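Colleague: I have a model open and want to learn how to read it. Can we go through it feature by feature?

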Amino acid sequence: MPATPTQGHVVVAPDKFKGTLEGAEVAARIAAGIRRVAPGVEIRELPVADGGEGTLAAALAAGFKRVAVKVAGPTGLPVDAAIALRGDTAVVELAQSSGLARLPGGRTAPLAAGSYGVGQLIGRAAGLGAKRIVLGLGGSACTDGGAGMLQALGVGLYDADGTELAPGGAALRKLARIDPGSLADGLTGVEVVVACDVDNPLLGARGATAVYGPQKGADGDDLLILEEGLTRWADVVRDTTGRDLRNAPGAGAAGGVGFAALALLGATMRPGIELMLELLGFDEAVRGARLVVTGEGCLDAQTLHGKAPAGVAAAATRAGVRVAAVAGRLELSEDQWRAAGFAAAYALTDLAERPGDSMTKAGELAEVAGERLASDLLKP
């Protein structure tokens, strides 16, 4: 275990606590608790994300500029979204336009929901001069294989009669021809990097439909229809491009948007937290630190497989800095979280007086967690 320095700053780098607090608020609350116990310690707040929901907010907290954009939501109705821009780098979060939270009234539309708005966000970023676009995937409401995203970028998708395909995964069953159209014009010289923490292929038992379709309201015949559509989509893309990427790791991300990004945008794919830490300047922030604090809503087995806290812990450990975790719930044994690199772990549920307080009083309890960890880890 790294030695315990008595000098140096503290980096507070949590992900969001889904359903209660955004990452920036978690960081601010933990920092407030630390300051009450260790007022002389310098604290640097650096909320993080792994490419899913909260990615845009993390970029903005790190100094990116917010650019408002009105785009099509998952059912085609307009929604107010945004991209983050710094220099020639832009961050686009799929959930801003095509996420489950963007469904009108929360009503799922598994067969018709599309990713058109994602393409609009990418197009806007390129139009503002971005030469590197980081595309965060997660929280998708659609299973259209990224077809809508491509249509928004100028790609024509036609049935056997030459009619443009309607939005949604079900329509892909009728796909006969792809016309790349003006795609290259808008993205020439633009690098697209996908931030993704899943390795699912496009099709099959681990594919976009089987694994994630039910979360988007698909069941029974819907699942069969969507799988048929994605299979047709993969076949026509292969015949058009000469490349078959249906089995590429991450192709099934966000209802197949990962597949479209790889196959037709020439994107590269990187683990979400690794890419985001690089983008947010984590290595610089942690240099000379005495402690890093991270966390998320639930520290569980999924955390250990590429989620933000595990990525933060690994990066901090490489830098020789101790790491503590704060979570809404803690479902790992002490042996598990210690093996993952955490020197200490605090759960809001353990600090709450009554069941449910960890949700309704998450901010207050995050401050208490900050006090506890400061007392345990920062006192001389």
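Colleague: Start with the backbone. Which residue just after H12 takes a positive phi?

Modeller: Gly320, with a phi of about 75°. Keep in mind that this is a predicted model.

Colleague: Next, H12 itself. How many residues of H12 are buried?

Modeller: Buried means under 20% relative accessible area. Eight of the eleven residues of H12 pass, so the helix is largely enclosed by the rest of the structure. Among them are Ala308, Pro309, Gly311 and Val312.

Colleague: Now the cores. What is the general idea?

Modeller: In soluble globular proteins, nonpolar side chains tend to be buried together. Here the largest nonpolar core has 57 residues. Those touching the most other members include Ile122, Met149, Trp233 and Phe259. H9 gives the most to this core, with seven residues. Apart from it lies another core of 40 residues, including Val91 and Ala313.

Colleague: How many aromatic pairs does the structure hold?

Modeller: One. For the geometry, check centre distance and plane angle. The ring centres of Trp233 and Phe259 are 6.4 Å apart and the planes are at 70°, so the pair is edge-to-face. The pair links distant parts of the chain: Trp233 is in helix H8 (residues 221-241) and Phe259 in helix H9 (residues 257-264), 26 residues apart. Both Trp233 and Phe259 are buried.

Colleague: Last, pockets. How much space lies in the largest pocket?

Modeller: About 1200 Å³. Then read the lining. It has 37 residues, and Lys18, Asp50, Asp197, Gln302 and Lys307 lie nearest the centre. The lining divides into 13 nonpolar, 13 polar and eleven charged residues. E11 gives the most, with three residues.

Colleague: What volume has the second largest pocket?

Modeller: About 260 Å³. Of its 14 lining residues, Glu22, Glu53, Gly54, Glu93 and Gln96 are the closest to its centre.

Terms used: Residues numbered from 1 in each chain as written. Predicted model: local features only at pLDDT ≥ 70, side-chain atom pairs only at ≥ 80, totals over all residues. Heavy atoms only, no water. Phe/Tyr/Trp six-rings, centres within 6.5 Å; stacked < 30°, edge-to-face > 60°. Helix = DSSP H or I, 4+ residues; strand = E, 2+ residues; numbered from the N terminus. Buried < 20%, exposed > 50% of the residue type's maximum accessible area, 1.4 Å probe, protein only. Core = buried A, V, L, I, M, F, W, Y, C linked by side-chain atoms within 4.5 Å. 1 Å grid on protein atoms, 1.4 Å probe; cavity = no way out; pocket = protein on both sides within 12 Å on 5 of 7 lines; lining within 4 Å. Points joined across faces, edges and corners; volume = space filled by probe spheres on them. Nonpolar A, V, L, I, M, F, W, Y, C, P; charged D, E, K, R; others polar.
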